[in-house]
Amino acid sequence: MKDIGEKIIMAAINSRECIEGLSMYFKRDYRHDNTIFRGDFEAEVIQKRTIIQKERIHLRFKAYEHERISAWAYSMDCSVSLAATMLLIAGIGNRDVSTQMVDPEVISLLDPGRLKSLKMIQEYISKLNDEHISLFP
């Protein structure tokens with residue numbers, strides 16, 4: 001089973017809203033479906049030190065997924081790991097992406113401790129978006 005981080009990253013890279021939100025960092029053109037997002041060499045540079053990193057996570061992608069993230073990184077002129085981090089942050093902050101990751105059947109199987117953790121994640125996402133979202137039916 002795929003890790004949730006990998007799922008969020010791939011959902012974010014498929015989300016037009018996430019792409020548009022991060023397109024201000026594109027230094028080179030990026031193609032998504034039938035749309036080309038124009039790059040700008042004067043675009044803001046993403047710096048790793050501005051992103052809070054508390055823990056290292058290990059994710060594994062299929063070759064074609066890695067190629068898509070690499071193309072994303074190339075368009076932003078950054079490392080693949082930084083591009084994946086930006087996609088993960090964008091995916092967590094995007095209501096559509098984050099809610100599609102939580103299946104009601106999975107929620108019913110959670111023990112009380114994990115359910116509490118999921119509720120904390122829901123509150124965090126709600127604060128990021130300045131609106132209340134509900135992951136629970």
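Q: What makes Arg38 count as exposed?
A: Its relative accessibility is 64%, so Arg38 counts as exposed. The scale runs as follows: buried is under 20% relative accessible area, exposed is over 50%, and partly exposed is in between (1.4 Å probe, protein chains only).

Q: What kind of model is this, and how are residues numbered?
A: This is a predicted model: local features need pLDDT of at least 70, side-chain atom pairs count only at pLDDT 80 or more, and totals for chains, interfaces and linings use all residues. Residues are numbered from 1 along each chain as its sequence is written, and side-chain values use heavy atoms, with hydrogens and water left out.

Q: Why is the contact of Asp29 and Arg38 called a salt bridge?
A: The rule asks for a side-chain nitrogen of Lys or Arg within 4 Å of a carboxyl oxygen of Asp or Glu. For Asp29 and Arg38 the N to O distance is 3.1 Å, so the pair is a salt bridge. Asp29 has a relative accessible area of 39%, so Asp29 is partly exposed.

Q: Which other pairs pass, and how many salt bridges are there?
A: The count comes to four salt bridges. Among them is Arg16 with Glu20, whose closest N and O atoms are 3.0 Å apart. Another is Asp111 with Arg114, at 3.7 Å, N to O. Arg114 has 57% relative accessibility and counts as exposed, while Asp111, at 37%, counts as partly exposed.

Q: Where do Arg16 and Glu20 lie?
A: Both are in helix 2 (residues 16-22), four residues apart, about one turn of the helix. Helices (H or I, at least four residues) and strands (E, at least two) are DSSP runs, numbered from the N terminus.

Q: How do you know that the span of helix 3 is close to the expected one?
A: Helix 3 (residues 63-76) has 14 residues and reaches 20 Å from its first C-alpha to its last. The expected span is 1.5 Å times one less than the number of residues. For helix 3 that gives 20 Å, so the two values are close.

Q: What makes the buried residues of helix 3 line one face?
A: Glu65, Ile69, Trp72, Ala73, Ser75 and Met76 are buried in helix 3. Seen down the axis, they fall within an arc of 165°, so they line one face of the helix. The arc is that of the directions from the helix axis to the C-beta atoms. On the other side, Ala63, Tyr64, Glu67 and Tyr74 are exposed.

Q: Why is Asn94 called buried?
A: Asn94 has a relative accessible area of 5%, so Asn94 is buried. Leaving aside its neighbours within four places in sequence, Asn94 is in contact (heavy atoms within 4.5 Å) with Ser15, Glu17 and Cys18.

Q: Why is the pair of Phe26 and Phe37 called edge-to-face?
A: Rings of Phe, Tyr and Trp (its six-membered ring) pair if their centres lie within 6.5 Å; planes under 30 degrees apart count as stacked, over 60 as edge-to-face and the rest as tilted. The structure holds four aromatic pairs. The rings of Phe26 and Phe37 have centres 6.3 Å apart and planes at 70°, so this pair is edge-to-face.

Q: What makes Phe26 and Trp72 edge-to-face?
A: Their ring centres are 5.1 Å apart and their planes stand at 85°, so the pair is edge-to-face. Both Phe26 and Trp72 are buried.
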